[in-house]
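Have the sequence at hand as you read.

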Amino acid sequence: MTRSYIPLNSLRAFEAAARHLSFTHAAIELNVTHSAISQHVKSLEQQLNCQLFVRVSRGLMLTTEGENLLPVLNDSFDRIAGMLDRFANKQAQEKLKVGVVGTFATGMLFSQLEDFRRRYPHIDLHLSTHNNRVDPAAEGLDYTIRYGGGAWHGTEAVWLCAAPMAPLCTPDIAAGLKVPADMLKYTLLRSYRRDEWAIWMQAQGEQPPAPTHRVMVFDSSVTMLEAAQAGVGIAIAPVTMFSHLINGERIVQPFATQIDLGSYWLTRLQSRAETPAMQEFAQWLVEKMPK
């Protein structure tokens, strides 16, 4: 059966609009008019005989068909761009895009990157950080490093390391903590998970903090520990990711009890085929994890 010809411009317009979830931003990126993007997408929908976007109150949302098409185009355009870069630079560079949760980036990955660059000079590594809420398809990511239980829809996950959590605070605050209940004199810092402090207190045989207790919520453990260092309160966070602060005695762990609420995982969309660069990065990263 002969396939109908689909103009590359239509595919490019859809890919840009899907990444931004905005015809306006796609038009700016591709240096064309809003109307041109709209016409290209409409033409593509007619040729594919399906709807790729639906309009919602906040703008655009991808349909199931659009969600299936986007990562395929992301991968295809990245491969085309990578090959053109090879011709332009006369060297076999492979681009690799990795999104990494900020806590793991500062606590584990950044200190190892010089080794990666030295061992794999042909891989052009592009890193972006996130707060554990990320859309790999829309952002065109090859891999995403996340914190959690390892189960994400349509995703393959490789376990990297555990992330036991415990209270962390300044030495001055720690000096006044004789028993866990003493921490209730201070503001408790936590992530978006409501139960972290309750689970830790229960592990110590203590009552969980009252619902009215002073709490500050952070979308990143990195910023949470900045607040803890400033004496704002007592944080609960993955201890191993902040060993550099503990070793420098800027932060201490006042009590030995740790709780396990999740691990760090290297994840890949099942729809995204592994490239040689992806395989090399995954092998290197697993090798670097603490045994």
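A salt bridge here is a side-chain nitrogen of Lys or Arg within 4 Å of a carboxyl oxygen of Asp or Glu. The model is a predicted one, in which local features need pLDDT of at least 70 and side-chain atom pairs count only at pLDDT 80 or more, while totals for chains, interfaces and linings use all residues. Residues are numbered from 1 along each chain as its sequence is written, and side-chain values use heavy atoms, leaving out hydrogens and water.

The structure holds 13 salt bridges. One of them joins R272 to D78, with the closest N and O atoms 3.3 Å apart. R272 lies in the loop between β11 and α12 (276–288) and D78 in helix α4 (residues 64–89), so this pair ties together parts that are 194 residues apart in sequence. Helices (H or I, at least four residues) and strands (E, at least two) are DSSP runs, numbered from the N terminus. How accessible is R272? At 2% relative accessibility, R272 counts as buried, and D78 is partly exposed at 24%; buried means under 20% relative accessible area, exposed over 50%, and partly exposed in between (1.4 Å probe, protein chains only).

Another salt bridge runs between E29 and R19, where the closest N and O atoms are 2.5 Å apart. This pair links helix α2, which holds E29, with helix α1 (residues 8–20), which holds R19, and the two residues are 10 apart in the chain. E29 is partly exposed, with a relative accessible area of 35%, and R19 is partly exposed with 26%. D182 and K185 also meet through their side chains, at 3.8 Å from N to O. Here D182 counts as buried at 13% relative accessibility, whereas K185 counts as exposed at 56%. Salt bridges with shared partners also join D115, R118, R119, E287 and K288 into one network.

Now turn to the rings. There are 11 aromatic pairs in the structure; rings of Phe, Tyr and Trp (its six-membered ring) pair if their centres lie within 6.5 Å, and planes under 30 degrees apart count as stacked, over 60 as edge-to-face and the rest as tilted. F23 and F53 make an edge-to-face pair, 5.7 Å centre to centre with 85 degrees between the planes. Because F23 lies in helix α2 (residues 23–30) and F53 in strand β1 (residues 53–56), the pair ties together parts 30 residues apart in sequence. Both F23 and F53 are buried. W200 and F255 have ring centres 6.1 Å apart and planes at 50 degrees, so their pair is tilted. W200 is in helix α9 (residues 196–203) and F255 in the loop between α11 (243–247) and β11 (263–269), 55 residues apart. W200 is buried at 0% relative accessible area, and F255 is buried at 10%.

Finally, look at the open sheet, where 4 strands follow the order β7-β10-β8-β9 with mixed pairing; two strands pair if DSSP finds at least two bridges between them. β7 (165–168) and β9 (215–217) stand at the edges with a single partner strand each, so one side of each is left without a neighbour in the sheet. Strands β8 (residues 188–190) and β10 (residues 234–238) pair in the parallel sense over 2 bridges, and L189 has A235 in β10 as its bridge partner.
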